[in-house]
Amino acid sequence: MTQEHSLILGAEQHIVATITQASSGTRKPGWCAVLTNSGVIPRSGPHRMNVHLARHFAKMGIPSIRFDMSGLGDSRRATSSLPMVEQWVADTRAAMDEAQARLGCDRFFMVGFCSGAEVAHLTALADPRLRGAVLWDFYAFPTHLSKLHKLAYRLRRAGVKGIARRLIAKVRPPEAKPDQDKGGSRAPVSAYEGLTSAPVTSREEYTQRFRTLVDQGVELFFYYSGGEPEWYAYRGQFHDMFKGEAFVQRVAFEQLALSDHLLTRQPAQQAFIRDVDRWLKERLLNQ
């Protein structure tokens, strides 16, 4: 039976966490998994994926700590003046400190879903104890092929009638609306107009970060869902995003086409756990 217990940690005693012990007789010395929030989803993870992962790792002989970062889930906000992401990196390192003190582990890997992937790779840059990271639906940059996929996807969604309406709207002169401002001023636009899924950090900056991590021997697994076809469109997009960069040959990348972003369906959850299990055994646990 899996043994779990919850605790409060951190210098301010504001972080709520759950430790899952490794199954007796199977423990892999030194290793511990780190699991945390996906966006505002609490430490249980999207559709309880962190719980499923923690219990799978326990069967592999790996204990884990899953925790709510400051201001999320059960954890209070920190009184620190650190920027949000820096605070979350500090929270992650505090969780690692606690796991090391309680479990005796000195090597960690982290599974980061969505925003958790950002925290995971930044923590790896800041703390040499984090030796590997699974980065689920991390940032993506468009490629020539992904733009074609995006166009095809939009055409399929619009259908013949939708395409026809758009073409007619483009060639038909605009009709003046009765309530239009006589001065011709533009009506207020949606608050979301102009927003894209493009990363706020440049490709060059990410390239440098990934180079640094790979050169330090950190194992990275870039794992994308099939649920965001306008963002990450095909399995090899990661390779094409960083084409020509040497680090690409030294990381793992894959797309789980049957899954949406939140791993809603059970077959997707099972496939995710299976792929992470294989990556750990092939790339990390033999270190």
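Asp 97 is partly exposed, with a relative accessible area of 42% (buried means under 20% relative accessible area, exposed over 50%, and partly exposed in between, with a 1.4 Å probe and protein chains only). The model is predicted, so local features need pLDDT of at least 70 and side-chain atom pairs count only at pLDDT 80 or more, while totals for chains, interfaces and linings use all residues. Residues are numbered from 1 along each chain as its sequence is written, and side-chain values use heavy atoms, with hydrogens and water left out.

The side chain of Asp 97 meets that of Arg 129 in a salt bridge, at 2.9 Å from N to O (a salt bridge is a side-chain nitrogen of Lys or Arg within 4 Å of a carboxyl oxygen of Asp or Glu). Arg 129 lies in the loop between helix 3 (115–126) and strand 6, and Asp 97 lies in helix 2, so the pair ties together parts that are 32 residues apart in sequence. Arg 129 is buried, with a relative accessible area of 15%. Arg 93, Asp 97, Asp 127 and Arg 129 are linked in a network of salt bridges. The structure holds 18 salt bridges.

Helices (H or I, at least four residues) and strands (E, at least two) are DSSP runs, numbered from the N terminus. Helix 2 (residues 84–103) has 20 residues and reaches 28 Å from its first C-alpha to its last, close to the 28 Å expected at 1.5 Å a residue (the expected span is 1.5 Å times one less than the number of residues). Buried residues in helix 2 include Trp 88, Asp 91 and Leu 103. Just after helix 2, Gly 104 takes a positive phi of about 80°.

An open sheet is formed by 8 strands in the order 1-2-4-3-5-6-7-8, with mixed pairing (two strands pair if DSSP finds at least two bridges between them). Strand 1 (4–9) and strand 8 (252–256) are the edge strands, each pairing on one side only. Strand 3 (residues 31–35) and strand 4 (residues 64–67) pair in the parallel sense over 3 bridges, and Ala 33 stands opposite Ser 64 in strand 4.

A second salt bridge joins Glu 219 and Arg 283, whose closest N and O atoms are 3.3 Å apart. This pair links distant parts of the chain, with Glu 219 in strand 7 (residues 219–225) and Arg 283 in helix 7 (residues 266–284), 64 residues apart. Glu 219 counts as buried at 14% relative accessibility, and Arg 283 is partly exposed at 26% relative accessible area.
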